[in-house]
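Okay, thanks for coming, everyone. Let me put the structure up, and then I'll talk you through it piece by piece.

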Amino acid sequence: MTEETAVSERELQLLVLDVNGEQHEVITEPRRTLVDVLRHELRLTGTHVGCEHGICGACTVLVDDRPVRACLMFAAQAEGARIRTVESLSRGDELGDLQRAFSEHHGLQCGFCTPGFLMLAEGFLAERPEATKDEIREVVAANLCRCTGYQTIVEAIDGCATARRQACANLCDSKEK
Amino acid sequence: MSRQKLVGRSVARREDPRLLSGRGRFVDDIALPGMLHAQFIRSTVAHGEIASVDLSAVRQVPGVMAAFTAEDLELGDITAQLGRPLSEFVPTAMPVLARDKVRFVGEPLAIVVARDAYAAEDGLEAARVTYTTLPPVTTEEAALAPGAPLVHAEAARNTLVDVSLFATDGIDEILASAPCVVHVETRTGRQNALPLETRGAVAHWDDREEQLVLHTCTQIPHQVRTVAARSLRLDERAVRVVAPDMGGGFGQKCVVGREEIAVAAAALRLRRPVKWIEDRKDALSASFLAREQHYRVRAAFDADGRILGLDADVVCDMGAYSCYPFTAGIEPLMASAEMPGVYKVPAYRVRGRAITTNKAPTGPYRGVSRPQYVMVVERLFERAARELGLDPVEIRRRNVITDFPYTGVNNITYDPGSYLESLNLCEQLVTAEGRHIGIGYSCFSERTGYGSAAFAQRKMQVVPGFDISEVRMDTSGAVTVTTGTMSHGQSHETTMAQIVADELGVDIAKVRLHQGDTDRITYGFGTFASRSITIGGSAVRLAAAKLGDKLRAIAAARWDIDPDEVELTDGVARRRDDASDALTYEEIADIAYLQAHLLPKDIEPGLSAAATFDVFNDGTFSNATHGVVVELHEGTGQVEILRYVCVEDCGVAINPQVVEGQCRGGIAQGIAGALFEQVTYDDQGEPSATSFMDYKVPTAHEIPDVLIHHLQTPSAFTETGAKGAGEGGTIGAPAAVLNAVNDALRATGVELDNTPVTPETVHRALHLEATS
């Protein structure tokens, strides 16, 4: 069959990827990008592709806790790193606080850019939990959204950061008592 | 006591949990066993005859399974029609794959199908296509020049549409004798609607159903089905179109794409699933574009600033093809019909033209012409205010329609709105201080309930207008609603469910909307022109009401009372005179389905109802006033928006948070058109903005927070009192921003009327002030 012949001509490589705490073995061409392997080999289709040249940020995932454009990285380059995708944010059917904040603030409409913004915010808030709203707007400007006008995305992330700080302060208070 | 009504409340979106968890199902998320991947060999020249297409090397590329030209597939053309004489409209065929001639860079002329998308791309590189090049026509001037090369041989002077309308008696005298006549000439940049998800489709043949199943991201599934069936020469029954979750559309996905038909043809031929996902470069250069228009407009005013007449010439550069179903008339006919807008214009004359050039074709884009003509009209009012020494808000106050219904010079009857109230309120909310500060306003209304009558007036041969809904209840009391509209970000799963939950008195969690699947509903016209809640939502409410009647009838028969004596609340049918007699919906459904022998003879088993809705008059108009404060930066020419106020009236807001989302997102796209985005070509017709480095989509840096205030003038013509809310933001923003920029430039004497207003233009204008 033609397909088998064609496949045999491909240069294939075995990759081991750590995605959302799970080890995945993938046999694929070395030229495949991280986002294509996540989406089409591992079938983690929550991460989206919007431009394939690193501008729109729809494909943002965390690689060793830092936001990365998964369209600009070969899957092979992510071996040995911890990769996190949008699928890691909820536990079963229960949404995480960042996801809930996006819903409460209407920070998404079509939802296509949303996984990218979520992972961008997840990485950023972990690094700078004390971020101001202006700093959040600065970071949000890294990605493109065509539906919301950004205001509610900024408000959602700021709302989540504020709530986390409040929860943290309450915890400290109760420990002191 | 019954539950509080859900309509009018910001109910949490039903769409959110799956979209936030990465569990949406977009077209590229679909994977079928044995699926192949397609890409298109596209023209590298803007205008030429195809001398040869040699795909033999393509077929040798590892992983490539097949490659087809137009001759291989023998597909029917896509031809959009208007019922107008040839002097007003020239129909032109759009072949699915280019045959003899190519008309723009990026035009598809062959499809390559491969094992994966990477191999398909490899295949493209091996294609050998030769052309006999023809001189390209890339501008309006070149297109209309005597002896210009013809893009379509049948369209003389490269003109596809040419209509002259209204021409009120005496308009020339009015313009000759009025105390104040102002003139505006405006050119607006070509734009891309730019849904963040590019176009794409997955097609496969289903042997058991004897159906071609086409998953495609479209706003108009039924129209795609009609065209696919005709082009592939199948019975329409044998095509099922399914629109999955969609990453925006904004009009670009509201036309039938050639690629989606070609993908279907390849899947039929190969009897294997075939997927095509458009890459961003193709999306920027070879999809459907919009908004390249040229206005020359004069307006006459009396000494008190009352408008006396409007005389307009509109030329829209529609690129290489007429889009289906709207035709190349979409932009000029919209502008011509609606231009007088919110103002009492006593005399009006317009010539509207669509020209064809060697650029990617034009389709609808959010607002369709209204962002442009509103900008022109609002510039005219600002200019008249300056000439007459009037306050720019005051001159509008003297001219906006205040007595409704109002039948305009354009033969359109405007239903009640809050034109004056929104203007006054917006003025109060806009405050500003600083250097190079400018304030700008725009006042506009937006027809949102385009029924069959309104589109028939345009003489479209496919007349979108009505929509159908079916509402059914199962034995668990859960409700399934189908609609012919197709949400692609507008939250219909939530808002339509709110309408049904209120009408039937059921928990919203029990209501589920199904949309975008042609097998689930007879026909529909999809989502565009802010029609979904006005028309689709009305059909949904009527169908739910019919189902409610049936629930009441079954309960009434059990109690041997009149159905009017039964009320429906909280999932229970109760007797009005004796609340202790009650039947839950599950109990009624049990009778309707499982114990039908208990039904009286005149009631059929089952619980479902269908309804159709259409608007038979001029429809309903949303309205708004936008107010903007800008600051111009001397060093960079940057336009910074300091404050943005939107006072809007879309009648009953089904879900205020969703309406605000539509306003904000629309305003962002309007600002994008006013200040940033432009599709550019070189003089050979080569597109020069084919990445996000060159096509500047604004980010959170450029788009300001927007203060929104709601007014509410319910529509008498829709079943919910709602007017549409999808496009207003985009319509109002360019005018208000441009007026604010010009207000800030007042001291320079420079006036800017073209968009996008770039930093270079502003810098030059400010520098002129410094040197003078």
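When I say helix or strand, I mean DSSP runs, numbered from the N terminus: H or I of at least four residues for helices, and E of at least two for strands. With that, chain A has six helices and five strands. Going along the sequence, the pattern in chain A reads α-β-β-α-β-β-β-α-α-α-α.

Quick housekeeping. This is a predicted model, so local features need pLDDT of at least 70 and side-chain atom pairs count only at pLDDT 80 or more, while totals for chains, interfaces and linings use all residues. Residues are numbered from 1 along each chain as its sequence is written, and chains are lettered from A and ligands numbered from 1 in the order in which they are written.

Back to chain A. Its C-alpha trace spans about 70 × 40 × 25 Å along the principal axes. Of its 177 residues, 52% are buried, where buried means 20 or more other C-beta atoms within 10 Å of the residue's own, exposed means 12 or fewer, and partly exposed is in between, with C-beta atoms placed from the backbone.

So what does chain A do with chain B? 47 residues of chain A are in contact with 44 residues of chain B; contact here means C-beta atoms, placed from the backbone, within 7 Å. On the chain A side, the elements giving two or more residues are helix 1 (2-8), helix 3 (97-104), helix 4 (114-127), helix 5 (133-140) and helix 6 (151-176). That side has 20 nonpolar, 18 polar and nine charged residues. For the classes, Ala, Val, Leu, Ile, Met, Phe, Trp, Tyr, Cys and Pro count as nonpolar, Asp, Glu, Lys and Arg as charged, and the others, Gly among them, as polar.

Now chain B. It's divided into domain 1 (16-22 + 466-613), domain 2 (31-134 + 197-247 + 253-286) and domain 3 (362-447 + 619-771), with bounds from an automatic or database domain assignment. The centres of domain 2 and domain 3 of chain B are 37 Å apart, taken over C-alpha atoms. Nine residues from domain 2 and ten residues from domain 3 make that contact.

Let's zoom in on strand 13 of chain B, residues 211-216. Is strand 13 enclosed or open? Five of its six residues are buried, so strand 13 is largely enclosed by the rest of the structure. Strand 12 (residues 200-206) of chain B runs antiparallel to strand 13, with six bridges joining them; strands pair if DSSP finds at least two bridges between them. These two form a hairpin with four residues between them, and Glu210(B) in the turn has a positive phi of about 50°. Trp205(B) sits opposite Leu212(B) of strand 13. Leu212(B) also has a bridge partner in strand 14 of chain B, namely Val239(B). From strand 13, the chain goes through helix 7 (residues 221-232) of chain B to strand 14, a right-handed β-α-β crossover: with the strands pointing away from you, the path from the first strand over the helix to the second runs clockwise.

Last stop: an open, mixed sheet of four strands in chain B, ordered 25-24-23-29. Strand 25 (511-515) and strand 29 (608-613) are the edges, each pairing on one side only. Strand 24 (residues 479-483) and strand 25 of chain B are parallel over five bridges, and there Thr482(B) stands opposite His514(B).

Technical notes:
Contact = placed C-beta atoms within 7 Å.
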